[in-house]
Amino acid sequence: MSFSAVDHGMMGRALQLAESGLWTTTPNPRVGCVLVRDGEVVGEGWHERAGEAHAEVHALREAGDRARGATAYVTLEPCSHHGRTPPCAGALVAAGVSRVVAAMTDPNPLVAGRGLALLQAAGIATASGLMESEARELNIGFVSRMTRGRPWLRLKAAASLDGKTALDNGSSQWITGPAARRDGHAWRARACAILTGIGTVRDDDPQLTVRGVDTPRQPLRVVVDSRLETPLTARILSGGPVLVAAAVDDENKANSLRAAGAEVLLLPNASGKVELKDLLEELARRGVNETHAEAGFKLNGSLLRAGLVDELLLYLAPCLIGHAAAGIFNLPALAALGDRQRLEIRDLRQVGEDIRLIARCR
């Protein structure tokens with residue numbers, strides 16, 4: 001299928017609109033729509049939040065009668081099922097559009113090609129695959145949840161150039177500068193959940209909320225705490241929803257945490273630790289698309305060893321701390337270099353005085 005320069009330009013605009021819902025659509029995907037008739041944009045829209053109108057509906061409302069005979073550019077295949085809102089494929093048919101171009105088919109098994117099939121059955125010309133990689137990146141967490149049954153896990157760490165995240169005495173604030181910290185909060189804001197461990201809660205007493213960035217909601221905060229050792233005075237227990245994942249069934253401790261506002265979930269494995277794979281699958285069942293991990297080297301290492309880390313978000317400060325300081329990952333010694341974890345560098349840029357590196361696990 002070949003697409004024109006106009007097709008590319010209009011889909012680019014639809015993707016730009018979809019990005020407007022970057023922090024608000026969870027658990028739904030981020031979707032944008034542009035309606036074009038006789039070379040003129042007659043309607044635009046994006047999905048803003050779950051339970052409200054989808055992108056196509058917003059665009060159709062703006063277009064009115066001008067939608068008849070128009071081409072609809074949509075970043076995700078129009079839905080064909082009744083959820084909290086009516087199916088968008090049916091709305092496009094009723095409006096009389098003549099062509100629908102989707103960036104990608106919907107990975108949701110409830111849709112998965114059915115939306116385009118419904119449009120084709122109504123005599124509407126359809127095409128998909130235009131700027132698909134860009135659309136997939138925008139909804140990488142939604143795709144992960146639908147196809148793998150777990151969220152996309154992005155692990156964030158701030159370190160010195162020699163890979164150290166804290167002094168030997170535990171001091172870690174602040175290795176990186178204010179610009180990098182603001183950027184890190186923007187990544188927190190787009191996530192559905194923020195994951196940390198009991199060591200970080202004990203040592204740093206973080207809030208793990210989004211600050212300094214305008215956001216309509218705070219992500220769910222999740223603490224991996226095998227023995228239910230989260231202090232009842234911990235700052236993470238205030239400021240929004242908190243889930244404590246445990247491995248020990250201690251009803252007294254659990255009830256105390258519940259009284260402090262936390263939800264406690266028991267997910268033990270055979271080693272007496274929290275089964276991290278089960279935790280991520282539970283988060284997916286709750287509609288979590290992207291999980292943002294900010295933890296210490298022990299939990300970071302456990303996530304990496306379990307094959308659960310999809311992406312690294314590393315901020316590297318122009319300084320050296322020394323070999324005795326804490327590293328990013330607690331990993332076993334390798335017998336051969338061939339066993340090393342390979343990464344794919346996706347982005348490298350300077351943020352303030354620091355370097356931000358985004359890499360994906362191969």
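Trainee: In which helix is Glu 56 found?

Mentor: Glu 56 is found in helix α2, which covers residues 55-63. Keep in mind that this is a predicted model.

Trainee: Which side chain of opposite charge is nearest to Glu 56, and how far away is it?

Mentor: To call a residue buried, its relative accessible area must be under 20%. Glu 56 is buried, yet it has no salt bridge. The nearest side chain of opposite charge belongs to Arg 61, 11 Å away. A salt bridge here needs the charged atoms within 4 Å.

Trainee: What is Glu 56 in contact with, leaving aside its neighbours within four places in sequence?

Mentor: The contacts are Cys 33, Val 74, Leu 76, Pro 78, Cys 88 and Leu 92. Two of these names come back when we turn to the strands: Cys 33 has Val 74 as its bridge partner in β3.

Trainee: How do I read the pairing of strand β1 with strand β2?

Mentor: Look at the direction and the bridges. Strand β1 (residues 32-37) and strand β2 (residues 40-46) run antiparallel, joined by six bridges. Within that pairing, Gly 32 has Trp 46 as its partner, and Cys 33 stands opposite Gly 45.

Trainee: What should I look at in the hairpin of β1 and β2?

Mentor: Look at the turn. Two residues lie between the strands, and Asp 38 takes a positive phi near 55°.

Trainee: How many bridges does β1 make with strand β3?

Mentor: Four bridges pair β1 with strand β3 (residues 71-74), again in the antiparallel sense. Cys 33 therefore has a bridge partner in each neighbouring strand by the DSSP pairing: Gly 45 in β2 and Val 74 in β3.

Trainee: Why is β1 described as largely enclosed?

Mentor: Start from the side chains. In a regular strand they alternate between the two faces of the sheet. In β1, five of the six residues are buried, so the strand is largely enclosed by the rest of the structure.

Trainee: Is Gly 9 buried or exposed, or in between?

Mentor: In between. Gly 9, in helix α1 (residues 5-18), has 41% relative accessibility, so it counts as partly exposed.

Trainee: Which residues form a nonpolar patch on the surface?

Mentor: Ile 345, Leu 348 and Ile 355 do, with about 270 Å² of accessible area together. Of these, Ile 345 lies in strand β15, residues 343-351.

Notes:
Residues numbered from 1 in each chain as written. Predicted model: local features only at pLDDT ≥ 70, side-chain atom pairs only at ≥ 80, totals over all residues. Heavy atoms only, no water. Patch = residues over 30% accessible without salt bridge, like charges linked within 9 Å, V, L, I, M, F, W, Y side chains within 5 Å. Areas by Shrake-Rupley, 256 points an atom, 1.4 Å probe, with all protein chains shown as cover. Buried < 20%, exposed > 50% of the residue type's maximum accessible area, 1.4 Å probe, protein only. Lys, Arg positive; Asp, Glu negative; His and termini not counted. Contact = heavy atoms within 4.5 Å.
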